[in-house]
Amino acid sequence: MFRLLLASVFIFLSLNILAQERYTLNGYIKDMGNGEELIGVTVYIPQLKAGTVSNQYGFYAITVPKGTYEVHFSYVGFSLQTVTVELNGNVTRNIEMANEATVIQEVVVTDRAIDENVVSIQMSKNTINLTQIRKLPALFGEVDIIKNIQMLPGVISAGEGTSSFFVRGGSADQNLILIDEAPVYDPSHLFGLFSVFNADVIKDSELYKGGIPARFGGRLSSILEVRTKDGNNKNYNVTGGIGTMAARVAVEGPIKKDKSSFIVSARRSYIDAFLKAADQDNLVHFYDVNAKINWKKNNNNRFFAAFYTGRDVFNFNNDFGFAWGNKTGTFRWNHLFNERIFSNVSVIASNFDYKLELKDPVQGFQWKSNLQELSIKADLSYAINTNNELTFGYHLTGRRFSPGKISPNTSGSIFTTVDLQHMYALDHGFYISNQQRINDALTLDYGLRLSIFQNIGSGDVYLYEDPQDNIDIVRTDTLHYKRFETIKAYVNLEPRIGVRYILAPGQSIKLSYNRMVQNTHLISAATVPIPFNTWNPSNYYLKPQVADQVAIGYFRNFSADNYEFSAEAYYKDIKNVTDFADNAEIFFNEDLSTEYRQGDSWAYGTEFMLTKVTGKLTGMVTYTWSKAMREIPGVNLGNAFKANYDRRNVMNIQAAYDYSARWTFGAMFTYSTGRPITLPGGKYEYGSYNPDVITERNAYRLPDYHRLDLSATLTPTRNPNKKWRGQWVFSIYNAYNRKNPFTIYTRTVQDKDGNVVGDGTQKEARLVYLFPILPSVTYNFKF
């Protein structure tokens with residue numbers, strides 16, 4: 001089938017006969033200081049009013065008529081570079097761009113900011129500016145891209161205690177989080193105090209909320225794509241930091257100058273060291289390690305290998321403990337077939353696992369679960385001409401789901417070893433898309449993705465008298481499947497389209513539509529994402545989730561592009577959204593299929609963002625109004641109810657002020673409507689019992705969430721004769737000590753001494769909150 005796709009593409013290309021002689025200018029664009037490829041650099045030819053941008057691997061290609069042209073290369077934070085190119089044939093020109101503070105010859109410096117907010121075809125996409133977020137408050141001094149993503153319009157924090165987030169009315173499991181193309185299934189360290197992303201090694205990160213390119217699939221709501229640095233191929237550098245709770249270090253440098261390089265980083269918390277010093281048996285820590293090497297064989301072939309491993313470990317008095325972690329590995333090969341066709345082939349492995357353990361002579365047990373996947377991806381791009389750029393490819397992913405194995409950890413334990421059935425799946429994705437410039441004002445981006453999903457053996461499928469009856473479960477038969485035999489297959493088409501129309505200089509409107517399909521389902525009834533969840537594939541009883549989203553936006557830049565404004569509105573409709581029956585038994589249930597409930601979900605909202613991108617004072621103000629609902633047969637008596645992630649009002653403010661060359665001050669404020677929660681609506685008498693009555697799911701809300709964080713960064717004057725550079729970061733999390741609710745539970749009314757009040761039938765709600773005011777100091781260094 002992939003051969004058929006390739007044949008169709010090249011037949012289409014062969015019909016693209018040009019009326020005049022054309023040649024291609026291509027190459028890689030790098031940072032002059034460290035040799036890192038630059039992503040999203042604008043390449044523009046004023047004479048033709050035509051251009052392109054460098055792809056995610058720093059490669060660009062533009063095909064134009066024969067002639068001599070001035071070509072502009074522009075990128076935020078770098079000096080604009082202009083080169084003159086005579087195209088009497090195909091030309092390869094690799095470009096090294098200088099930071100704005102660097103003065104070099106033959107570089108034209110301009111004050112004009114890039115108008116990317118307006119002219120880009122992509123909407124509902126945010127690129128994370130690491131330079132900017134380093135100036136903002138960071139919990140315990142650790143720059144965290146996840147916490148900054150949670151400040152973007154349309155994005156809602158899942159709450160304290162997790163790094164998960166919700167996007168445009170979708171649940172946390174509907175976000176695909178990638179590090180060097182490999183999926184990360186839980187992005188949290190220490191229950192959300194830190195995320196898995198070490199800012200010292202991050203090169204680039206982008207969040208897609210809508211208008212998602214056809215090359216992405218597998219999740220309904222968003223794609224967070226994080227790429228790590230390749231490593232400085234010119235000089236050796238060491239960076240790091242020592243903070244209140246954790247320390248980190250990164251080493252990078254050339255293996256062979258301008259040909260190959262490496263980067264290795266490590267982080268570890270040391271809370272456990274403090275606890276040991278205080279003679280405490282509670283051990284809590286996390287660690288992670290990133291490593292990457294690359295080799296440029298020649299201009300047509302480049303190879304990369306990236307690795308990540310991270311883990312959290314909790315151990316309480318040697319009685320109870322748990323742990324979770326992610327491991328990923330990526331091998332990439334960039335190849336140029338010719339001056340117009342660029343390819344990337346990746347082999348990707350990922351493993352997510354968690355473990356629970358109770359150490360007890362009688363009830364001791366160990367529980368393990370994991371999800372493993374292996375992917376092969378082939379992505380190609382073809383620069384047809386200045387008006388058309390074609391991308392196409394094929395992705396194959398195999399997954400192994402291990403929902404749980406429980407085993408005794410003592411000889412006298414009441415538990416016996418039980419291993420729940422493993423599940424297997426193959427996920428195929430074929431895609432093709434084209435970005436087409438119709439005229440100076442109108443640009444289109446349209447594509448199609450074909451998803452073919454197979455739930456495969458070996459495995460058994462239980463048949464039931466009534467698959468929706470989770471009370472009186474009656475098995476009627478068992479179907480047996482051999483290894484790689486298809487149990488259930490699902491085929492879906494996923495159209496994508498984007499439109500951008502320039503209204504006037506500095507103004508545009510954009511529209512997008514995308515269909516997304518998700519075949520991996522989170523098995524959890526928790527209202528807040530936690531690491532101890534398992535995943536299941538679409539299967540005999542579980543259909544793929546399908547989301548259709550349409551969005552429209554207005555984009556405008558002001559004051560010579562110093563201010564950027566956007567307003568977007570969206571509507572999302574989801575079919576086969578997965579939930580569970582009321583009072584479902586999820587833990588270690590061999591008949592879990594009887595607990596599945598699937599139905600509809602819908603969400604809509606408006607998002608506003610104003611950003612100041614230049615000057616001593618920079619920052620961002622965002623506001624989102626949204627609504628997210630669900631209606632699922634067998635849940636909430638079949639009535640519609642508010643989704644767990646429904647937040648009607650969210651406002652975020654970020655500001656950074658460069659007071660002087662030594663001092664920078666930052667502030668972040670966030671406010672959101674409290675999340676929905678299910679509480680008893682009353683009680684009834686049953687003999688001597690007084691059970692709670694749940695009248696409606698998510699009928700109540702937690703109190704509103706709001707928080708202010710502050711920071712001050714001191715960068716001492718650098719001695720030009722020394723390589724060492726240091727920086728102090730002082731920060732305050734939750735500056736006015738707001739008791740933000742994590743959850744609420746009900747209990748029998750008690751007095752201040754814990755004694756039951758009255759006859760014990762009265763209930764009261766109790767608020768649980770996690771983090772009070774938290775000051776911290778961090779010392780960062782580089783040499």
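Predicted model: local features only at pLDDT ≥ 70, side-chain atom pairs only at ≥ 80, totals over all residues.
Is Val 749 buried or exposed? Val 749 is buried, because its relative accessible area of 17% falls under the 20% cut-off. The domain assignment gives domain 1 (2-114) and domain 2 (227-750 + 767-782).

**Where domain 1 meets domain 2**

- On the domain 1 side, 39 residues are in contact with 38 residues of domain 2.
- About 3300 Å² is buried between domain 1 and domain 2, and carbon and sulfur atoms give 56% of that area.
- Polar contacts across the interface of domain 1 and domain 2 join 13 residue pairs.
- On the side of domain 1 that touches domain 2, two or more residues each come from helix 1 (2-14), strand 1 (22-31), strand 3 (50-53) and strand 4 (59-65).
- Helix 1 gives the largest share of that side, with seven residues.
- Sorted by class, the side of domain 1 that touches domain 2 holds 20 nonpolar, 13 polar and six charged residues.

**A salt bridge between the domains**

- Two salt bridges are counted between domain 1 and domain 2.
- Glu 96 and Lys 234 form a salt bridge, and their closest N and O atoms are 3.3 Å apart.
- Lys 234 is buried, with a relative accessible area of 17%, whereas Glu 96 counts as partly exposed at 32%.

**Other salt bridges to look at**

- Over the whole structure, a search finds 36 salt bridges.
- Arg 168 pairs with Glu 568 in a salt bridge whose closest N and O atoms are 2.8 Å apart.
- Arg 248 forms a salt bridge with Asp 200, with 2.7 Å between the closest N and O atoms.
- Because Arg 248 lies in strand 19 (residues 246-256) and Asp 200 in the loop between strand 15 (194-195) and strand 16 (202-208), the pair ties together parts 48 residues apart in sequence.
- Arg 248 counts as buried at 10% relative accessibility, and Asp 200 counts as buried at 9%.
- A network of salt bridges links Lys 125, Asp 204, Glu 206, Arg 215, Glu 225 and Arg 227.

- Val 749 is found in the loop between strand 49 (741-748) and strand 50 (763-769).
- Val 749 and Ala 765 are 16 residues apart in sequence, and their C-alpha atoms are 8.7 Å apart in space.
- Gln 122, in the loop between helix 2 (116-119) and strand 9 (125-127), counts as buried at 17% relative accessibility.
- A polar atom of the Gln 122 side chain lies 3.4 Å from the backbone oxygen of Gly 210.
- Beyond its neighbours within four places in sequence, Gln 122 has contacts that include Tyr 208, Pro 213 and Lys 510.
- Ser 346 lies in strand 24 (residues 341-358) and is buried, with a relative accessible area of 0%.
- The side chains of Ser 346 and Asn 344 are joined by a polar contact of 2.9 Å.
- Leaving aside neighbours within four places in sequence, Ser 346 is in contact with residues including Glu 181, Phe 331 and Lys 377.

Methods
Residues numbered from 1 in each chain as written. Heavy atoms only, no water. Domains from an automatic or database assignment. Contact = heavy atoms within 4.5 Å. Buried area = accessible area lost by both parts, 1.4 Å probe. Salt bridge = Lys/Arg side-chain N within 4 Å of Asp/Glu carboxyl O. Polar contact = N/O pair within 3.5 Å; in protein donor to acceptor, adjacent residues only side chain to side chain. Helix = DSSP H or I, 4+ residues; strand = E, 2+ residues; numbered from the N terminus. Nonpolar A, V, L, I, M, F, W, Y, C, P; charged D, E, K, R; others polar. Buried < 20%, exposed > 50% of the residue type's maximum accessible area, 1.4 Å probe, protein only.
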